[in-house]
Amino acid sequence: MLEDPQIIQLYMDRDTRAIEETDTKYGRYCTRIALNILESSGDAEECVNDTYFRTWDSIPPQKPDSFSSFLGRIVRNISLDRYRYNHAQKRFGKMDVLLSELEDCIPTGNLTEELFEAGEVSGIINNFLGTLEKQRRVIFVRRYWYSQSIREIARAYGMTEGQVKSILFRLRSALRATLEKEGVHL
Amino acid sequence: MNREELFGAIGGIQDTYIEEANPELASPPIPLVRRLRPYIGMAAVFVLVIGLAVLGRNTLFRSGSTGSAEFSRATADNARADTAAASPEAAGGLETVEETAAEYGLYSKDQAEGTTEDKAQFIMESGLLSPETLLPITYGGEVYAPVWAELETEMPSGCQQVGELSTETDAVFYLENASLEGSLVYQIASEENTLYVAYADGWQRYEK
């Protein structure tokens, strides 16, 4: 199996083996992220294929420092678009549960116009994550970046699902307070 | 800002956080023993309760099988107990059974039948209550979230008892346990969005 810089070099050289190597090394990783969001293996497979093509179009000019995160972001965004498309008329499924949880983090009132820039909010979230101890940060990222189920997270950490829910509740409350502090006057 | 925009914003977190949480690179699965650890405490409490129930039952049977006179006395005790159950004023016959339970060190009669604080103390000692296990409560139709600070060891100034939690009228969310039923609720008149629930070692603050 090739190292990440070697795979990236294949993209830079416009060698189609880049996609095969990406699939060999990161196919399972990308599929899991897509499945966590979509719950449909057919949709997930399409999103993963789209991810490879978007990666092909993006490198070059881009040259990612972290290839796994780069792929993860693309597959997550494509899967979210697919989720929106599939659920335009009605809401259901575990992704809707996850998004409902995130409503706890949204400050009441209005954010200032500048903070609607996703990049700035991401910066605030980055700072917030930096203040957390590692285990809590990983639990947050697994739930809200990788969209892992609470059961999977609980199993990974030897916790009960109730303990994970409790931790996530506290994290959401803290994130909400941070977002309010940065941009909202209640 | 809506929830999907927030989900999108979380997508922009830095690579290091994404990599450290990558489930594909995670360490090997947690050993079975550690995975079962959260359930061991619950199982131990369950076994203890069942064991005490069996022990108590055996004690009653023993006292009733050592001879016809004792059997008659036990029968009379049981009759008194039945009478006491139907009529609390004549509760004298139950004393023997309750004192026997206290001798085994589980909890005293006062703790079993005492104040809310006594019950909460028992829950604390059983390991079921801790800041990690507290979840939001619903009181008067409103959801209150626990505030994660040290418990107030003194009753907060101006606090007045305003009611108690009930599983019938107020959903009490408490991790794997609904024993907050009956806990006393306090409030400071000038703080409508805050309430305090009395536990054995202090008052937990909740906010709407």
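## A short tour of chain A

Chain A has an average pLDDT of 82, and 88% of its residues score at least 70. Keep in mind as you look around that this is a predicted model.

**Where to read with care**
- Residues 110-115 of chain A have a pLDDT below 50.
- Beyond near neighbours in sequence, this stretch still has 13 contacts in the model.
- Where pLDDT is low, the predicted coordinates should not be read in detail.

**Two helices that meet**
- Two packed helices are described by the angle between their axes and the distance between the axes.
- In chain A, helix H8 (residues 150-157) and helix H9 (residues 161-183) have axes that come within 8 Å and cross at roughly 105°.
- Angles of 65 to 115 degrees count as roughly perpendicular, so H8(A) is roughly perpendicular to H9(A).
- H8(A) brings Ile150(A), Arg151(A), Ile153(A) and Ala154(A) to the contact, while H9(A) brings Glu161(A), Val164(A), Lys165(A) and Leu168(A).
- Sorted by type, the residues of this contact between H8(A) and H9(A) are 5 nonpolar, 3 charged and no polar.

**A serine in a loop**
- Ser66(A) lies in the loop of chain A between helix H3 (41-58) and helix H4 (67-86).
- Its relative accessible area is 6%, and buried means under 20%, so Ser66(A) is buried.
- The side chains of Ser66(A) and Ser69(A) make a polar contact at 2.9 Å.
- Apart from neighbours within four places in sequence, Ser66(A) is in contact with Asp15(B) and Glu19(B).

Definitions and conventions:
Residues are numbered from 1 along each chain as its sequence is written. Chains are lettered from A and ligands numbered from 1 in the order in which they are written. This is a predicted model: local features need pLDDT of at least 70, side-chain atom pairs count only at pLDDT 80 or more; totals for chains, interfaces and linings use all residues. Side-chain values use heavy atoms; hydrogens and water are left out. Axes are lines fitted to C-alpha atoms, for helices over the stretch in contact, and angles run from 0 to 180 degrees between N-to-C directions. Helices (H or I, at least four residues) and strands (E, at least two) are DSSP runs, numbered from the N terminus. Angles under 35 degrees count as roughly parallel, over 145 as roughly antiparallel, 65 to 115 as roughly perpendicular and the rest as oblique. Contact means heavy atoms within 4.5 Å. Ala, Val, Leu, Ile, Met, Phe, Trp, Tyr, Cys and Pro count as nonpolar, Asp, Glu, Lys and Arg as charged, and the others, Gly among them, as polar. pLDDT is the predictor's confidence in each residue, from 0 to 100. Buried means under 20% relative accessible area, exposed over 50%, partly exposed in between (1.4 Å probe, protein chains only). A polar contact is a pair of N or O atoms within 3.5 Å; within protein, one must be able to donate a hydrogen and the other to accept it, and residues adjacent in sequence count only if both atoms are side-chain atoms.
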